[in-house]
Amino acid sequence: MGFDAWRIVREGLTGNRGWRPHWRDPHPKADYDVVIIGGGGHGLSTAYYLARNHGLTNVAVLEKGYLGGGNVGRNTTIVRANYFLPGNSEFYSHSLRLWERLEEDLNYNVMHSQRGLINLFHSDGQRDAFVRRGNAMITQGDDAELLDRAGVAAHLPYLDFDNHRFPVYGGLLHRRGGTARHDAVAWGYARAADRRGVDLIQNCEVTGIDISGGRVTGVQTTRGAIRAKKVGIVVAGRSGQVAAMAGMRLPVESHVLQAFVTEGLKPVIDHVVSFGMGHFYISQSDKGGLVFGGDLDFYPSYAQRGNLPMAEHVMEAAMSLMPAIGRAKVLRSWGGIMDMTPDGSPIIDRTPTEGLYIDCGWCYGGFKAVPASGWAFAHLIAEDRPHKTAARYRLDRFRDGVGLMDEEGTGAQHNLH
Ligand SMILES: Cc1cc2nc3c(=O)[nH]c(=O)nc-3n(C[C@H](O)[C@H](O)[C@H](O)COP(=O)(O)OP(=O)(O)OC[C@H]3O[C@@H](n4cnc5c(N)ncnc54)[C@H](O)[C@@H]3O)c2cc1C
């Protein structure tokens, strides 16, 4: 089933009775060339690019719940390429270029909106850091513009410019940054992978990984054993648990991250605004809700909900940045499980078990990475060598220090990126 303007008009005029499910609901086969564990954004994009870029279609995605029920459907939808460190900047730059043609590629409206992202700064030191970041972004081929206080006021007149604790000095504007509808991204990749023959198997939890003679041979699941020549683990917050099935202890901790949405309002915020000093960021969804969040809850957990101290902190930051938000009613809050690495950057690599690959460590920023991660992980699985954009995302970098994503190996700083 394809989407085009004529089809939408025809369905609209005939009671929308012609639409069909976006993907099949197949029974698992006894064996596959490739099994992907995890039907989140990264698992689905990996399956799609295995089929599209490498012609591998005897592929299954095994999802313990429903497609899109994990972090891919829980995030605050920000898409940007403003990373600073070598290794990250080219990867996220590639991802943003894939985003820019994703809807055409998938024939699916993922509501990618390049409304512009503004990172605020509140001191001379912070401005210097953003100037440096902006130069790195431009050198990488992406866009960045430094705004002074008046420049920020022209874009974001509703901020509190009289705040003495956090005076607005200016901002770094990344015009190609923005948002996309998160669950549509999962659905778009799922539908496109299914159309190329990938089996998407929901309610199928992987409970064991079969290994013989140092080589992966398949997986045990709640729907029976499935043999596979190659297996990819892409389970975000559950990475540590699933890797343990293959005897691995990952350099990953799982932490809760919360988000919040208000009642629907008329258009008021037409950018993504990031207030790093107060650990707060905000945008407005197409339905009108103000979508915002802050930092991690900062304790390891597998609970997909957060606690009140962080909720209070986020609300306080919101009020200090834009007091008018106090008039809006918060409708919902939720949480997701973040797979945090010590240097805040991901892992896309082989494992000590032949034929077993891992893609994890996306921390609180893996939504924007969905296209490039799937692209690079599919490349790794198909060709057995890393894609050039992800060559530094090595599993062993925390043991030997090679490829660490900090500046000079002087110590990991997870939020430098
Ligand atoms: C509140 C919040 C806000 C965020 N905001 C942003 C943002 O604005 N921008 C951004 O770039 N990133 C953001 N992120 C991060 C981003 O959402 C994640 O990094 C990314 O979605 C993780 O990859 P995924 O989509 O593959 O994960 P998931 O969707 O979690 O996919 C993993 C899947 O694996 C499945 N699974 C786990 N164990 C098993 C098993 N044993 N067998 C089978 N299946 C299994 C899970 O059910 C899940 O569906 C945010 C995250 C949260 C929680």
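Student: How do the residues of the shell around the ligand divide into nonpolar, polar and charged?

Tutor: This is a predicted model. In it, the shell around the ligand holds 14 nonpolar, 19 polar and 6 charged residues. Altogether 39 residues surround the ligand, and the closest are Gly38, Gly40, Gly70, Gly336 and Gly366. Helix 2 (41-54) and strand 12 (253-264) are the elements that give two or more residues to this shell.

Student: Why does the ligand lie between domain 1 and domain 2?

Tutor: Both domain 1 (25-78 + 182-251 + 343-400) and domain 2 (114-178 + 253-340) contribute residues to the shell, so the ligand lies between them. The centres of the two domains, taken over C-alpha atoms, are 30 Å apart. Their contact takes 15 residues from domain 1 and 15 residues from domain 2. On the side of domain 1 that touches domain 2, the residues divide into 6 nonpolar, 8 polar and 1 charged.

Student: At what angle do helix 3 and helix 10 pack?

Tutor: Two packed helices are described by the angle between their axes and by the distance between those axes. Here, helix 3 (residues 88-99) and helix 10 (residues 370-383) pack at about 110°, with their axes 7 Å apart. Helix 3 is therefore roughly perpendicular to helix 10. Phe91, His94, Ser95, Leu98 and Trp99 of helix 3 make the contact with Pro371, Ala372 and Trp375 of helix 10. By class, this contact has 6 nonpolar, 2 polar and no charged residues.

Student: In which sense do strand 9 and strand 10 pair?

Tutor: Strands of a sheet pair through backbone hydrogen bonds, either parallel or antiparallel. Strand 9 (residues 206-212) and strand 10 (residues 215-221) pair in the antiparallel sense over 6 bridges. Serine 212 stands opposite arginine 215 in strand 10. The two strands form a hairpin with 2 residues between them, and glycine 213 in the turn has a positive phi of about 60°.

Student: In what order do the 8 strands of the open sheet stand?

Tutor: The order is 5-6-4-13-14-15-12-16, with mixed pairing. Strand 5 (145-148) and strand 16 (330-340) stand at the edges with a single partner strand each, so one side of each is left without a neighbour in the sheet. From one strand to the next, the twist averages 25°. Within this order, strand 13 (residues 272-275) and strand 14 (residues 280-284) run antiparallel, joined by 3 bridges, and valine 273 stands opposite isoleucine 282 in strand 14.

Student: Which strands does helix 9 lie across?

Tutor: Helix 9 (residues 308-321) lies across strand 12, strand 13, strand 14, strand 15 (289-300) and strand 16, and runs at about 135° to strand 15.

Terms used. Residues are numbered from 1 along each chain as its sequence is written. This is a predicted model: local features need pLDDT of at least 70, side-chain atom pairs count only at pLDDT 80 or more; totals for chains, interfaces and linings use all residues. A residue is near a molecule or strand if its C-beta atom, placed from the backbone, lies within 6 Å of it. Helices (H or I, at least four residues) and strands (E, at least two) are DSSP runs, numbered from the N terminus. Ala, Val, Leu, Ile, Met, Phe, Trp, Tyr, Cys and Pro count as nonpolar, Asp, Glu, Lys and Arg as charged, and the others, Gly among them, as polar. Domain bounds come from an automatic or database domain assignment. Two residues are in contact if their C-beta atoms, placed from the backbone, lie within 7 Å. Axes are lines fitted to C-alpha atoms, for helices over the stretch in contact, and angles run from 0 to 180 degrees between N-to-C directions. Angles under 35 degrees count as roughly parallel, over 145 as roughly antiparallel, 65 to 115 as roughly perpendicular and the rest as oblique. Two strands pair if DSSP finds at least two bridges between them.
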